[in-house]
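Hello,

Here is the structure I promised to pass on. Please open it first, then read my notes below.

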Amino acid sequence: MPDKHLSTQFDTELTSVSTRVMELGGLVESQLHQAILALSNFDVDIANRVVGVEPSVNAMEVEIDRDLSSIIARRQPTARDLRLLIAISKSTANLERAGDEAVKIARMVLAIIKDGNARALPCAELRVAADLASGLLRKALDAFARLDTEAALSILKEDDLIDKEFEGFVRILITYMMEDPRTISASLDLLFLAKAIERVGDHAKNIAELIIYIVKGADVRHTPIASIESVIK
């Protein structure tokens, strides 16, 4: 049987802060989508818009943390409610950092365009990993909204696909640099861009682990998938 909340007002506060997290997630998801679009089209205007959203993401993170601190101080929640509030705080931090990665992607796109090497490098190869990362973040937000542990487990398994795409892209870049040393500088820019994409996947994975923490009360960080499956079942 689920824990009873201290009051109807507490229910309202929990719903309100959870809604704010979803709003932040939507903003970051849009930011990431725009960053990928800027990469695909080498579009300066879109990249600049991604950078311009950063202050709003940062402000929302601060507001949510302030609300969480207020709820904990006034309500002194226990058990699952406390786990939920802790997980919301950590999820908010992961979303803000995913937004940071989107900004890194946009700024790197601007640098690549400025250097004039955009069309000479395998930027299109990044699209697969970028789409995987964006999709993973979207799934993490949906799973968080529903507190769906099965969906969370699926996200943890999918993160490996992004890692493999990153490793494959690194091999491609090494080949480019060996064949033409003039591409080394621009290739390194792409390498940092690819790492930013991989990190978005990592943040989605972290949110998935927090979903399991909320529902099952188990910290599954650094835990093998087989063991996590046992926790969920």
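**After helix 2**

Helices here are DSSP runs of H or I with at least four residues, numbered from the N terminus.

Some ground rules. This is a predicted model, where local features need pLDDT of at least 70, side-chain atom pairs count only at pLDDT 80 or more, and totals for chains, interfaces and linings use all residues. Residues are numbered from 1 along each chain as its sequence is written, and side-chain values use heavy atoms, leaving out hydrogens and water.

Now helix 2 itself. It covers residues 44–75, which is 32 residues. At 1.5 Å a residue it should span 46 Å (1.5 Å times one less than the number of residues). Its end C-alpha atoms are 47 Å apart, which agrees.

Helix 2 bends by about 25° at Glu 54. The bend is the angle between axes fitted to the seven residues ending there and the seven starting there. Pro 55, a proline, follows within four residues.

At the N-terminal end, Asp 43 caps helix 2. A side-chain oxygen of Asp 43 lies 2.9 Å from the backbone nitrogen of Asp 45.

Buried residues of helix 2 include Val 50, Val 57 and Ile 64 (buried means under 20% relative accessible area, with a 1.4 Å probe and protein chains only). Their cover includes helix 1 (8–41) and helix 3 (79–115).

Last, look at Val 28 in helix 1. Val 28 is buried, at 1% relative accessible area. Among the residues it touches are Val 57 and Leu 95 (contact means heavy atoms within 4.5 Å).

Best wishes

Technical notes
Helix = DSSP H or I, 4+ residues; strand = E, 2+ residues; numbered from the N terminus. Buried < 20%, exposed > 50% of the residue type's maximum accessible area, 1.4 Å probe, protein only. Polar contact = N/O pair within 3.5 Å; in protein donor to acceptor, adjacent residues only side chain to side chain. Lists of a residue's contacts leave out its neighbours within four places in sequence.
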